[in-house]
Structure formats: structure tokens, C-alpha cells
Amino acid sequence: MATRMPGSSAKAGRGNSFSMLALLFLFVVATLSLDVRSKAQQASSPQSEQGSHVTVPQRPEKPLYKGEQGAQSSEIEFAPGTRTVTVKLQVEDPNGYFLPNIRRENFAVFEDGVRQKIVDVEVEHAPITAALLMELGGRYSEINKLLADEVPRAGREFLNVIGRDDKIAVFKYDEKLQTLADFGQGHEALQKIFNHVDPPAPSEANFYDALIETLTRMKGISGRKAIILITSGVDTFSKANFQQVMQAAQDSATPIYSIGLGPLIQLECAVYGESAPFARIDWNGAEKRLETLAKVSGGRAYVLETGVGIAGIYDDIMENLRLRYVITYTSSNPATSGPARNIKVELIDPQTGNPLKFQDSNGKPVSAKVFVQKDYRPDGTPGG
């Protein structure tokens with residue numbers, strides 16, 4: 001018969017109590033750790049806990065460009081061997097800024113009404129091919145002195161936003177278009193163009209003819225391309241009229257990003273009074289025509305009011321030109337040829353299927369616009 005030692009029952013009780021307290025302490029510590037980890041994950045996620053919102057970076061309240069933005073292009077490629085469809089598109093807020101932080105599961109792609117299985121979504125920063133077209137000449141020596149100061153400064157700033165894979169050509173115009181650098185020249189050679197520019201002698205400023213010729217040179221270029229236009233928008237003696245240059249811009253498939261010098265020139269001209277011959281120039285009309293050319297070509301029109309603002313304009317142009325979401329999927333249609341296929345891209349909350357909601361850093365709702373063409377053709381001919 002076992003003999004119980006005196007006090008053993010009390011010791012056992014105290015041991016059990018200690019064990020229970022230790023277990024309770026470990027449970028509380030583990031619970032707090034999980035709660036802290038969960039909150040940290042929620043804070044680091046660009047979407048809310050329910051996945052129903054995407055928070056975007058704080059942006060300016062107004063767009064930098066003037067007037068209306070033209071229709072933004074998208075790109076769709078079809079590989080018959082694998083039935084792989086690659087869609088490159090833009091997603092913007094109402095002010096034309098690129099909307100980041102959109103996840104793969106937020107994109108719903110429909111082809112001929114059938115929801116497609118998305119294989120991949122990524123953000124592309126594409127190299128560009130750009131023609132820099134600058135006004136350096138006109139009828140009035142007073143204005144030409146200003147152009148000789150401001151245009152090279154704007155040109156040098158442009159070189160700060162181009163990359164090693166970008167291809168840049170530089171043109172100037174007065175009565176004729178002149179090539180200062182063709183595509184493929186190095187950054188150092190481009191920089192030399194702007195090192196010393198003398199005020200041009202009085203001449204015509206045949207803006208429309210110069211722009212049409214530049215658009216013609218861009219026709220054979222593929223990939224992401226654009227014309228960066230630094231000009232007053234004034235034309236004095238072109239063979240082409242505005243309707244012709246507008247039609248050329250609309251048909252070109254090359255977006256025009258115009259930087260209007262009107263406000264700077266007007267400020268300079270004000271010192272000469274209303275009797276000066278250039279005081280009768282319709283600067284507002286010139287600015288509106290630049291807005292129209294940008295819109296019909298799918299670009300944007302900016303107005304340079306001070307030399308300081310040029311860097312922000314170039315940043316806006318480069319974001320609009322370079323950034324695209326790239327969606328890749330295998331088409332559910334087994335055919336590798338045939339008629340055009342309708343495309344639709346929606347942004348959704350994957351948990352509910354409802355439209356995805358966006359908010360800025362202050363929690364204010366932000367709307368989104370998806371720019372994608374309505375169809376593509378398996379044979380590679382352009383869609384709509």
C-alpha cells in the first residue's frame with residue numbers, strides 16, 4: 001500500500017495552478033501576436049480587409065494638361081500557336097493619372113462575352129520613340145529672342161526624362177523643317193544641340209507644314225511613339241491649312257503632346273504695348289488649336305506659363321506614354337483565325353463580383369477609366 005507523504009497534496013495543487021497560469025499566459029501572448037500580425041498585414045496591403053477598395057497615392061486635384069484628353073490607345077496581340085492574347089491598356093483616374101496597386105484578381109476579361117482565365121497581370125514601363133519638334137523662327141525678332149532662350153531650355157529638360165532604350169529625334173522649324181538629330185543618336189550628341197542657340201533671323205513660321213512632315217516620318221515606326229511639340233501654335237504661311245493638319249494628326253496613330261509657349265510670349269510682348277504688330281496675334285485661338293491637335297491624335301496639350309513648370313509636364317507625358325497594365329491569357333476560343341473578337345475589361349472586387357472601388361489617401365472615392373479597344377482580329381489586322 002502506497003504511503004502519501006505529508007504536504008504532497010498541497011504541492012500538487014500549487015503545481016497544477018502554476019501550470020494553468022503558464023498555459024493561460026502563453027495563450028494570451030499568442031493571441032496578441034496573431035492580432036498584431038493581422039493588423040500589420042492589413043496596413044501594408046493596398047486593398048482593405050474586405051478587398052473592396054484600392055487605395056491610390058495622393059495626386060494633384062487637377063490635370064496638368066489643358067482641354068480634353070484624346071482617346072487613349074491600347075494594344076492587343078494574338079499568338080496563334082498558343083492562342084495567347086496579350087492586352088496592353090491604361091487605367092486612369094478622372095485627371096488622367098495612372099492608377100497603380102490593381103491586383104491580378106481585380107481584372108475581369110471577357111472575350112465575346114465569355115469570362116477568360118487570366119494568366120498574368122503586370123505593369124510595363126515601355127521604351128519610347130519620340131520626335132521633339134521645336135519652333136525656332138518667326139516674323140518678329142522680339143519673339144525670336146525669347147524662343148532662343150526658352151526652347152533650348154525646354155529641350156535640355158526633355159533629355160533628363162529619356163532612357164538608354166529610348167530613340168529620340170530632334171527637329172526645328174521656321175519656314176522649313178530641319179533635322180537636328182535623327183533617331184538613334186546618343187545622349188551626348190543630343191545635349192550638344194542645345195548648348196548654344198542664337199536668336200533666329202525673322203522668317204515665316206510654317207507650323208502646319210512642319211507638323212505634317214514630322215507625322216509622315218513617324219508613320220513607319222512601331223511601338224510606343226509620340227511627337228513632343230514645343231511651339232507657340234502660330235502659323236504664318238504654311239501650304240497646309242488647319243483642317244489638313246488636323247486630319248493628318250487624326251490619321252497618324254502618333255499622339256501629339258504639345259507644350260504651348262503662348263503665355264510666356266504674351267508676357268514678354270506686353271512690354272511693347274498694343275501698338276506692336278505681334279499684339280494682334282490670336283493667342284487664345286492658337287492655344288485652342290493645339291488642344292484640338294492633341295485631342296484628335298490621342299495626346300495631351302500643356303501650357304508653359306513659367307520655365308519652372310516644364311519638369312512636371314515631362315513627368316506627366318512620360319507616365320502617360322510609358323505605363324501600361326499588361327494582361328496575358330489563353331483564349332477560350334479554340335480557333336486560331338476567324339472574325340474579330342469583342343474584348344471587354346472590367347475592374348471588380350473578386351469576393352463579390354461588384355465593381356472595384358478606389359479611394360485616395362484621404363479615403364475620398366476616386367473613379368477609374370479603363371482604356372481598351374473594343375475588339376481584336378486573330379489575323380493581326382488592326383481592331384477597333
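This is a predicted model: local features need pLDDT of at least 70, side-chain atom pairs count only at pLDDT 80 or more; totals for chains, interfaces and linings use all residues.
Helix α5 spans residues 242–251, and its buried residues are Phe242, Val245, Met246 and Ala249. Because these four residues cover an arc of only 100 degrees around the axis, they come to lie on the same side of α5. The face that is turned away from this buried side carries Gln243 and Asp251, both of which are exposed. On the buried side, the packing partners of the helix are α4 (207–218), β11 (256–260) and α7 (283–297), against which the buried residues of α5 are placed.

The two ends of the helix can also be described. At its start, a side-chain oxygen of Asn241 reaches to within 3.2 Å of the backbone nitrogen of Gln243, and Gln243 is also one of the exposed residues on the face turned away from the buried side. After the helix comes Ala253, a residue whose phi is positive, near 60 degrees.

Attention now turns to the empty space within the model. Rolling a probe the size of a water molecule over the atoms shows where such space is left. The structure holds 2 cavities of 30 Å³ or more, and the largest cavity contains about 90 Å³ of space. Its lining consists of 14 residues, and those that lie nearest the centre of the cavity are Gly260, Gly262, Glu287, Leu290 and Val303. Two or more residues of this lining are given by each of the elements β11, α6 (262–269), α7 and β12 (300–303), and α7 gives the most, with 5 residues. When the lining of the largest cavity is divided by class, 8 residues are nonpolar, 4 are polar and 2 are charged.

The largest pocket has a volume of about 710 Å³. It is lined by 34 residues, of which Ser73, Gly223, Lys225, Ala253 and Pro255 lie nearest its centre; Ala253 is the residue with positive phi that follows α5. At least two residues of the lining of this pocket are supplied by each of β3 (84–92), α5, α7 and α8 (310–322), while the largest share, 3 residues, comes from α7. By class, the lining of the largest pocket comprises 10 nonpolar, 14 polar and 10 charged residues.

Notes. Residues are numbered from 1 along each chain as its sequence is written. Side-chain values use heavy atoms; hydrogens and water are left out. Buried means under 20% relative accessible area, exposed over 50%, partly exposed in between (1.4 Å probe, protein chains only). The arc is that of the directions from the helix axis to the C-beta atoms. Contact means heavy atoms within 4.5 Å. A polar contact is a pair of N or O atoms within 3.5 Å; within protein, one must be able to donate a hydrogen and the other to accept it, and residues adjacent in sequence count only if both atoms are side-chain atoms. On a 1 Å grid over the protein atoms alone, a cavity is a set of points where a 1.4 Å probe fits but cannot get out, and a pocket is an open set with protein on both sides within 12 Å along at least five of seven lines; lining residues have an atom within 4 Å of a point. Grid points are joined across faces, edges and corners, and a volume is the space filled by probe spheres set on the points. Ala, Val, Leu, Ile, Met, Phe, Trp, Tyr, Cys and Pro count as nonpolar, Asp, Glu, Lys and Arg as charged, and the others, Gly among them, as polar.
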